[in-house]
Amino acid sequence: MITGFHVLLPSDDPAADREFLRDRLGWPWVEDAASGDGWLIFGLPPAELGVHPGASGLLGQGATLFLMCDDLERTLADLARRGVEPEAPPREAGYGLVTSIALPSGATLGLYEPHHESPLTSGATVSDARRDAAPRLPTPTRHANIEVTLVSTVLECLDARELADFYERLLGWTRVSEDEDWAQLRPPAGGSGLSFSSDPRYRPPVWPATDDHQQMELHPDFLVDDLARGVEHALACGSRLADFQPQEHVRVLIDPAGHPFCFFDAAG
């Protein structure tokens with residue numbers, strides 16, 4: 001039984017391209033140690049396949065890779081915040097609004113907002129498609145004769161989708177639902193996730209707390225295997241390091257909406 005689609009991308013600089021896909025695009029990954037140190041295998045967004053007239057290549061080599069999005073203008077704005085610029089201004093093509101981005105090796109990935117109907121969402125909304133493929137929830141706890149599951153912790157902000165973009169880059173988690181004022185992420189392997197809710201009255205907390213400012217009510221803690229590298233990645237994603245750092249093996253960071261969160265290692 002076929003269980004997935006594995007794409008091979010030739011590269012003159014595999015390490016740089018892997019770092020780009022991991023840190024700039026924020027794709028989830030695992031390391032294939034058997035193939036060599038730093039050999040990363042990436043989880044791709046949902047994919048579709050079109051058969052295009054042209055010369056057939058050996059083992060499919062010569063295939064063209066395009067990334068799809070539902071809003072090219074918004075996607076390019078998000079990529080710009082990560083330091084990624086398109087190779088050319090978007091152009092109108094018969095099948096969609098099209099541009100491309102370059103990898104460090106010089107390889108090119110097409111990027112377009114399709115006009116055609118997609119089999120990924122045909123007969124369903126994007127949210128429906130995401131929900132059907134969503135990572136599993138944690139095992140419920142049975143208590144007081146009911147089953148209870150912590151699905152997610154909700155962070156308020158001015159722009160839910162924008163903050164979800166940040167945590168998607170930071171964590172490599174799967175976006176399982178979204179609308180204009182709401183978005184939810186969940187770990188690819190399953191478990192409780194994070195949700196984001198837009199509130200025009202939101203004010204960021206101040207940390208450490210003071211009596212005359214909005215105080216922090218909660219903060220996420222994330223265990224990382226390499227604290228220095230984790231902080232470097234978090235800063236590249238758009239967070240900032242808090243001025244006050246109370247513990248040696250914990251780093252307090254501030255997300256783009258002003259929420260503190262912590263990275264800590266096993267000693268923390």
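Leaving aside its neighbours within four places in sequence, with which residues is Leu170 in contact? The residues are His233, Ala234, Cys237, Phe261 and Phe263, where contact means heavy atoms within 4.5 Å. The model is predicted, so local features need pLDDT of at least 70 and side-chain atom pairs count only at pLDDT 80 or more, while totals for chains, interfaces and linings use all residues. Residues are numbered from 1 along each chain as its sequence is written, and side-chain values use heavy atoms, with hydrogens and water left out.

Leu170 belongs to the largest nonpolar core, which has 24 residues. A nonpolar core is a set of buried Ala, Val, Leu, Ile, Met, Phe, Trp, Tyr and Cys residues joined through side-chain atoms within 4.5 Å; buried means under 20% relative accessible area, exposed over 50%, and partly exposed in between, for a 1.4 Å probe and protein chains only. Leu163, Tyr167, Leu170, Phe196, Phe261 and Phe263 have the most contacts inside this core. Two or more residues each are given to it by β9 (152-157), α4 (160-171), β11 (182-186), β12 (193-198), α5 (227-237) and β16 (260-264). Of these elements, α4 provides the largest share, 6 residues. Helices (H or I, at least four residues) and strands (E, at least two) are DSSP runs, numbered from the N terminus. Another core, of 17 residues, lies apart from the largest one and includes Phe42, Cys69, Leu72 and Leu79.

The charged side chains form a further part of the picture. In the whole structure, a search finds 11 salt bridges, each being a side-chain nitrogen of Lys or Arg within 4 Å of a carboxyl oxygen of Asp or Glu. One of them joins Arg175 to Asp165 at 2.5 Å, N to O. Because Arg175 lies in strand β10 (residues 174-179) and Asp165 in helix α4, this pair ties together parts that are 10 residues apart in sequence. Both partners count as buried: Arg175 has 8% relative accessibility, and Asp165 has 10%. The pair also belongs to one network, in which salt bridges that share partners join Arg161, Asp165, Glu168, Arg175 and Glu178.

Arg22 and Asp23 meet through their side chains at 2.8 Å, N to O. Arg22 counts as buried at 14% relative accessibility, as does Asp23 at 17%. The side chains of Asp199 and Arg201 meet at 3.6 Å, N to O, and here Arg201 is exposed, with a relative accessible area of 64%.
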